[in-house]
Amino acid sequence: MNWVQLAITVVTVVSILGVVTLVLNMQYGHAGLINFGVVAYFAAGAYTYVLLTQSPPSETSLDQYVIGLNLPPWVGFIGAALAGLVFAAITGWPTLRLRGEYLALTTFAFAEVFHSFTINEQRFANGTRGLVGVPRPYREELSFLDYDLALALAALLFLIIVYIIFERMVRSPYGRALEAMRDDELALITTGKRSSRFRLEVFLFTAPFAALAGAIYVAYTTLVIPDLFTAEVTFVVWIALVLGGEGSNRGALLGITLVVLFEELIRAIPFDTIRAAQIAASLEVAALGVLLIVFLRWQPFASLTKSTRKVARS
Amino acid sequence: MTLLEISDVSKSFGGLKAVNRCAFGVEQGSLMGLIGPNGAGKSTLFNLISGLYEPESGSIRLDDEELVGRRPADIASLGVGRTFQTPRSFPTLSCLENLLASVPSSGEQLVPSIFGTYRAEERTAVKNAREHLKQVGLEARADDRADELSGGELRMLEVARQLIRRPKILLLDEPTAGVTPTLQTHLAETLKGLRDRGLTIIVVEHNLAFLLNLVEHVVVMVHGSVLTQGDPDAIRSDPEVVNAYLGRRGSDA
């Protein structure tokens with residue numbers, strides 16, 4: 001087992017999924033908006049990045065996709081963020097008045113529709129075959145460094161930036177208003193504040209970060225296939241958030257680190273037979289479930305991740 | 001001068017006319033009581049004024065602004081403050097934060113929140129919030145979460161959350177329920193003090209002893225309409241009011 005490689009992988013994946021967990025934490029942990037379709041932002045960013053940056057389809061290949069704009073990577077990243085914004089607007093606007101489980105179901109449905117679209121519409125991105133061998137952005141420019149390491153550092157930097165932005169929001173009156181809305185929306189409204197504004201803003205502001213994480217994810221995987229963007233991503237992020245303790249950005253990061261570390265460690269075990277690997281794969285999911293129950297019951301990180309707003313507690 | 005003018009307001013739930021062509025005016029700077037038996041439509045009327053319900057007919061004007069058809073948040077911003085029969089708060093926030101979250105702040109905009117340009121404003125707001133907590137006797141609980149408060153304290157917190165917004169009119173729905181007698185006396189004094197400073201207050205209250213000693217004008221509602229109104233002494237001795245509360249005597253039936 002190559003520990004350095006494992007560490008690089010863990011840092012990369014934790015950073016990418018960490019951003020998505022932070023986004024979910026803003027939406028659910030702070031604003032109380034149950035989003036079961038968070039994978040859709042991630043997928044929309046990944047697909048948009050690829051469609052914008054890949055070469056146009058050639059006549060001779062078996063490709064069926066029709067869009068390939070061959071634009072530079074930075075345009076792809078901006079496009080990915082915009083795609084997240086658009087997807088948040090499409091899903092956020094009609095669901096503004098939905099509460100609790102209704103919002104959960106609707107966001108889940110939107111994500112499934114998008115997933116289904118990527119599978120069935122061959123002209124979008126080759127359907128289930130997806131797009132493979134996506135060029136890694138800024139490979140030449142970063143040639144002085146091991147690319148995997150460079151990507152891990154870039155992803156980590158992105159995570160840190162998002163963490164700082166979100167943490168500042170959370171500690172400000174903005175975060176206080178979101179939590180007030182989460183606690184009692186009617187009580188907030190009767191103090192003269194339009195909660196619909198906060199709901200929409202949270203969706204629109206946070207989604208682009210998850211979409212950007214999706215674009216960075218493509219640089220890591222070098223492929224986009226519908227199988228990478230199933231509801232499982234949503235649930236992994238949810239489990240991470242619940243493990244770490246919703247409502248705390250530190251907790252969110254702790255949770256996703258645990259989950260990714262756990263998954264990557266099991267993946268790194270050299271199995272002798274395919275059968276053993278299959279058993280390990282099933283056990284991994286089961287163990288994750290047990291872990292979740294244990295954490296829910298005893299909340300070992302409760303004191304560690306408790307968030308405080310210094311401004312108001314001074 | 002009439003601050004709040006309710007004219008011919010009706011609201012039904014299915015076949016039940018909860019508020020039926022209700023009409024009365026509230027003078028600027030008055031401390032008014034709204035009484036009536038259970039189901040008379042008092043809370044429904046509060047919900048109509050604050051925009052949580054929309055009336056089928058009629059008009060509700062505050063300072064010559066029509067409130068009907070506006071969103072609840074906008075009605076609140078226009079100067080209507082209200083409390084609920086079951087007090088509402090932000091349970092996971094501290095008492096201080098409950099008050100801070102109830103006033104507008106530039107830090108509630110995205111960009112200022114990230115760049116921290118609200119800090120000076122926030123310091124003033126914290127000071128102001130502490131004074132309002134003191135006004136309702138909760139200064140010692142400033143840093144405690146709202147879900148740690150007793151029922152009576154929660155009610156006082158809700159009143160403070162509205163007072164800090166400086167509304168033109170304050171609608172209090174049963175402010176004494178669950179509040180200790182000492183705090184009740186304190187509350188009555190606070191309300192009188194606020195009235196003296198120009199705040200208009202309507203109190204819905206089942207505790208008539210408390211109410212009739214507090215207010216200077218009483219509106220009695222029965223079956224969704226105004227039965228009668230007048231000063232507390234007149235109401236106390238009005239046989240119609242007694243009938244409405246206790247039911248008619250056998251000989252009248």
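**Figure 1. Helices α1 and α9 of chain A.** In this predicted model, helix α1(A) passes helix α9(A) in a left-handed crossing. The two helices, residues 3-30 for α1 and residues 195-221 for α9 of chain A, pack at an angle of about 165°, and their axes are 9 Å apart. With that angle, α1(A) is therefore roughly antiparallel to α9(A). On the α1(A) side the contact is made by A:Thr12, A:Ile16, A:Val19, A:Val20, A:Val23, A:Met26 and A:Gln27. These meet residues of α9(A), including A:Val202, A:Phe203, A:Phe209, A:Ile216, A:Tyr217 and A:Tyr220. Sorted by class, the residues of the contact of α1(A) with α9(A) are 14 nonpolar, 3 polar and no charged.

**Figure 2. Helices α10 and α11 of chain A.** Helix α10 (residues 231-244) and helix α11 (residues 249-268) of chain A have axes that come within 7 Å and cross at roughly 120°. This angle makes α10(A) oblique to α11(A). The crossing of α10(A) and α11(A) is right-handed. From α10(A), the residues in contact are A:Val236, A:Ile239, A:Ala240, A:Leu241, A:Leu243 and A:Gly244. Among their counterparts in α11(A) are A:Gly251, A:Ala252, A:Leu254, A:Gly255, A:Leu258 and A:Val259. The contact of α10(A) with α11(A) comprises 11 nonpolar, 3 polar and no charged residues.

**Figure 3. Chain A as a whole.** The secondary structure of chain A amounts to 14 helices and 2 strands. Its C-alpha trace spans about 65 × 40 × 40 Å along the principal axes. A compact globule of 314 residues would have a radius of gyration near 20 Å, and chain A, with 20 Å, agrees with this.

**Figure 4. The antiparallel sheet of chain B.** Four strands of chain B form an open sheet with antiparallel pairing, in the order β2-β1-β4-β5. Strands β2 and β5 (65-66) of chain B are the edge strands, and each pairs on one side only. Strand β1 (residues 2-13) runs antiparallel to strand β2 (residues 16-27) of chain B, joined by 8 bridges. B:Thr2 has B:Glu27 in β2(B) as its bridge partner. The hairpin of β1(B) and β2(B) has 2 residues between the strands, and in this hairpin B:Gly14 takes a positive phi near 60°. Strand β1(B) is also joined to strand β4 (residues 57-62) of chain B, by 5 bridges, and these two run antiparallel. Within β4(B), B:Leu62 is the bridge partner of B:Leu4, and B:Ser59 is that of B:Ser7. Helix α1(B) lies across β1, β2 and β4 of chain B and runs at about 65° to β2(B).

**Figure 5. The mixed sheet of chain B.** An open sheet of 6 strands in chain B has mixed pairing and the order β6-β7-β8-β3-β9-β10. At its edges stand β6 (80-82) and β10 (225-230) of chain B; each has a single partner strand, so one side of each is left without a neighbour in the sheet. On average, neighbouring strands of this sheet are turned by 20° against each other, direction ignored. The pairing of β6(B) with strand β7 (residues 169-173) of chain B is in the parallel sense, over 3 bridges. B:Arg82 has B:Leu171 in β7(B) as its bridge partner. Helix α1 (residues 42-49) of chain B packs on this sheet and touches β3 (31-35), β6, β7, β8 (200-204) and β9 (217-222) of chain B. The direction of this helix makes about 145° with that of β7(B).

**Figure 6. The side of chain B that touches chain A.** Between the two chains, 31 residues of chain B are in contact with 25 residues of chain A. On the chain B side, the elements that give two or more residues are α2 (72-78), α3 (95-100), α4 (110-115) and α5 (119-135) of chain B. Helix α2(B) supplies the largest share of this side, 4 residues. By class, the side of chain B that touches chain A has 13 nonpolar, 10 polar and 8 charged residues.

Terms used: Residues are numbered from 1 along each chain as its sequence is written. Chains are lettered from A and ligands numbered from 1 in the order in which they are written. This is a predicted model: local features need pLDDT of at least 70, side-chain atom pairs count only at pLDDT 80 or more; totals for chains, interfaces and linings use all residues. Axes are lines fitted to C-alpha atoms, for helices over the stretch in contact, and angles run from 0 to 180 degrees between N-to-C directions. Angles under 35 degrees count as roughly parallel, over 145 as roughly antiparallel, 65 to 115 as roughly perpendicular and the rest as oblique. A crossing is left-handed if the near helix is turned anticlockwise from the far one by less than a right angle, and right-handed if clockwise. Two residues are in contact if their C-beta atoms, placed from the backbone, lie within 7 Å. Ala, Val, Leu, Ile, Met, Phe, Trp, Tyr, Cys and Pro count as nonpolar, Asp, Glu, Lys and Arg as charged, and the others, Gly among them, as polar. Two strands pair if DSSP finds at least two bridges between them. The radius of gyration is taken over C-alpha atoms; the globule rule is 2.2 Å times the number of residues to the power 0.38.
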